[in-house]
Amino acid sequence: MSEPAEVLRARWLEYLRHERRLSPLTLAAYGDDVASFLGFLTLHRGGAATAASLGTLKAADMRAWAAERRAKGLGPRGLARALAALRSFFRFLHRREGIANAEIGLVRTPKLPRTLPKPLAAPRAADVLAEAGEVREAAWEQARDIALLTLLYGAGLRIGEALSLKGADAKLGEALRVVGKGRKERVVPVIGPAREAVARYAALCPYALTPKGPLFFSTRGKPYSARMAQALMQNLRGRLGLPATATPHALRHSFATHLLENGGDLRAIQELLGHASLATTQKYTAVDSARLMAIYENAHPRARKAG
């Protein structure tokens, strides 16, 4: 009797967790995407998917699932990720389970528009850090919010990297070892204001900071989440009149852009950000060029005459 596809999905997720060492966020997203696909097949083909049926699927079946996801509001980037998850699942089936299906190779990923990072200007980033201390009433929560956002802007951490820090990291030195995408470790320097902000939070936090426990806690003593950080930035956007692009990740963009504006070496910034490819980091040079062109067009007499 052919194995249920859901059993295969569970084994694939274990493989991604233990051998590929994907981050928890990526793992959850990939798992949801393939669960959506298997659920779609149950209705599309009139029965739960099995190992045997997965081997007989056609590209048209996969495209029908993708079309349904788009119809339900999934954007091009979300669909591209979902298809990447599906490809990963079928590679696993082929290499580990002996279930070959080349039809997935016939499904094209949607073309994504080239986007540039949207950093905050240095004064606005400073405003965010200052205003973060005004959102909460409790002093320890004020200190937590300031410490978290200062790490994003002062060390260029991803929100997931900052929230994965443990109590053992509370006494920051001049450098911090973080685990980024693909479980890759890197060392980032920590500026004085970030060390001071974390130390103040640690001194005020009412919950025990144990070596293996979370560094950042929610009001109720649970690990602070990325969703909470996003809600904090939404609050700050309203208070400061910032655009919707002012997200926790925008502070990381600001870190990179402001380093580049002040003469930072592109290779060094790549290392600090943990980018696998220099091409990813080079997007920040385009941001800097765009800023310079805007200044030129607004200020240069010849540019004004040409307009």
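Helix α6 (residues 122-132) has A125, V128, L129, E131 and A132 as its buried residues, where buried means under 20% relative accessible area, exposed means over 50% and partly exposed lies in between, using a 1.4 Å probe and protein chains only. The cover over these buried residues of α6 includes α7 (139-155) and α10 (226-240). This is a predicted model, in which local features need pLDDT of at least 70, side-chain atom pairs count only at pLDDT 80 or more, and totals for chains, interfaces and linings use all residues. Residues are numbered from 1 along each chain as its sequence is written, and side-chain values use heavy atoms, with hydrogens and water left out.

**The whole chain**

- You can find 14 helices and 2 strands in the chain; helices (H or I, at least four residues) and strands (E, at least two) are DSSP runs, numbered from the N terminus.
- Of the 307 residues in the chain, 42% are buried.
- Take the contacts between residues at least 6 apart in sequence: 60% of them join residues at least 24 apart, and contact means heavy atoms within 4.5 Å.

**α6 with α10**

- Two packed helices are described by the angle between their axes and the distance between the axes.
- For α6 and α10 the angle is about 110° and the axes are 10 Å apart; axes are lines fitted to C-alpha atoms, for helices over the stretch in contact, and angles run from 0 to 180 degrees between N-to-C directions.
- α6 and α10 are therefore roughly perpendicular to each other; angles of 65 to 115 degrees get that name, while under 35 is roughly parallel, over 145 roughly antiparallel and the rest oblique.
- The crossing of α6 past α10 is right-handed, meaning that the near helix is turned clockwise from the far one by less than a right angle, with anticlockwise giving a left-handed crossing.
- On the α6 side, R124, D127, V128, E131 and A132 make the contact, and on the α10 side M233, L236, R239 and L240 do.
- This contact of α6 with α10 divides into 5 nonpolar, no polar and 4 charged residues; Ala, Val, Leu, Ile, Met, Phe, Trp, Tyr, Cys and Pro count as nonpolar, Asp, Glu, Lys and Arg as charged, and the others, Gly among them, as polar.

**Two partners of α5**

- Helix α4 (residues 59-71) and helix α5 (residues 76-97) have axes that come within 10 Å and cross at roughly 150°.
- That angle makes α4 roughly antiparallel to α5.
- M62, W65, A66, R69 and R70 of α4 meet P76, L79, A82, L83, L86 and F90 of α5.
- Helix α1 (residues 5-20) also has an axis that comes within 10 Å of that of α5, and these two cross at roughly 95°.
- α1 and α5 are therefore roughly perpendicular to each other.
- The residues of α1 in this contact include W12 and Y15, and those of α5 include F89 and F92.

**The strands**

- Strand β1 (residues 175-179) pairs with β2 in the antiparallel sense over 5 bridges; two strands pair if DSSP finds at least two bridges between them.
- V179 has E185 of β2 as its bridge partner.
- Strand β2 (residues 185-189) has R186 and V188 on its covered face, and E185, V187 and P189 on the uncovered one.
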